[in-house]
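Reader: I'd like to go through this one with you and ask where the labels come from. Could you show me the sequence and the structure before we start?

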Amino acid sequence: MKRLVIAIFVFLFLSDPAFAAHIKGGFFTYQYLGPGSPGNARYRITLTVYMICNPSAGQLSNPINFSIFGGGNFQFLQNVSVPITNQYNLSKVYDEPCITGNETGCYYTIVVYDLPSIDLPITPNGYIISYQRCCRIAGINNVSNSGAVGNTFSIAIPGTSVVPGAETNSSPAFQVNDTAIVCRNSYFQFSFQASDINGDSLAYEFCDAFEGGSQGNPSPTTASSPPYTAIPYSAPFSGTQPLGPLVSINPETGLISGTAPDIVGEFVICVCVKEYRNGVLIGLTRKELHIRIGDCNPLR
């Protein structure tokens, strides 16, 4: 009888939608809105999460907490509850004329959590905003045991010690149009370009995606404090070579190009965008995305 109870518990644990693998990427952005109350700056903070198409209710945490930490000592300061403010499917409605196969259909469900306004005291070291959720989709080619690996999405708001006025910065913004077709063992191009309303110089590079959350605690109330741990990449892939040595990113434009691995399946890509103001690094925004390499061929 005891074994039966344990077996039922394990089945329910593994079949609970809240524990199912469903995350496929995401990124934080923030926007400086102006002075807040005396001694404060006011920001809008937004998290965009990529999920499997049409996730179940148990996979859509609503609301979630943005966990806020001090940028100098990583001390936890507060959680802010943020609801889902937008949700839609990102689909491809037509086939590429120069690629074989059927590429139409839903690629991701996009879920947006938007905190329209928050006042934060102006400090020398600024803040780090984080959110953690488990788990990623299963069977990712460049991540070991990916279905049990969670995500940490995080971004830093700079303080006054970086450069004068750094607390008035807004992060680079990405477009959400990620339906690129990548064929195995074939040349491709895929843009991760961002825009910056402050006119800062942007530099792009591949970087580690972060893990966070677990199957035992898939949606922690408070994110763990920084610094964060890289996901377990499967050799020969890594955070700086997520698609192998034949694929690179242009540091000036964010254009990813090269010859894809001769492997069909899902891969994690994480791109770090560094902001420079008058030659000084003032911020870093990271965007993570799971892309699929298909069994298709470009028509030459």
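Reader: What makes V280 buried, exposed or partly exposed?

Author: Set the value against the cut-offs: buried is under 20% relative accessible area, exposed is over 50%, and partly exposed is in between, using a 1.4 Å probe and protein chains only. V280 comes in at 34%, so V280 counts as partly exposed. Bear in mind that this is a predicted model, where local features need pLDDT of at least 70, side-chain atom pairs count only at pLDDT 80 or more, and totals for chains, interfaces and linings use all residues. Residues are numbered from 1 along each chain as its sequence is written, and side-chain values use heavy atoms, with hydrogens and water left out.

Reader: Where is V280 found, and what is V280 in contact with?

Author: V280 is found in strand β17, residues 280-294. Strands here are DSSP runs of E with at least two residues, helices are runs of H or I with at least four, and both are numbered from the N terminus. Contact means heavy atoms within 4.5 Å. Leaving aside neighbours within four places in sequence, V280 is in contact with V162, V163 and E275. As for D200, it is 80 residues away from V280 in sequence and 9.8 Å away in space, C-alpha to C-alpha.

Reader: Why is F66 called buried?

Author: F66 has a relative accessible area of 1%, so it counts as buried. F66 is found in strand β3, residues 64-70. Beyond its neighbours within four places, its contacts include F28, I45, L47, Y113 and I129. S130 is also on that list; F66 and S130 are 64 residues apart in sequence, with their C-alpha atoms 5.9 Å apart.

Reader: How do you know whether T48 is buried or exposed?

Author: T48 has 8% relative accessibility, so it counts as buried. Its place is in strand β2, residues 40-51. Once neighbours within four places are set aside, T48 is in contact with G25, G26, F27, I110, V111, V112 and V176. D262 is 214 residues from T48 along the chain, and their C-alpha atoms are separated by 30 Å.

Reader: How far does the predictor's confidence go?

Author: pLDDT is that confidence in each residue, from 0 to 100. The chain has a mean of 91, and 92% of its residues reach 70 or more. Over residues 1-18, though, the pLDDT is below 50, and this stretch has ten contacts in the model beyond near neighbours in sequence. Where pLDDT is low, the predicted coordinates should not be read in detail.
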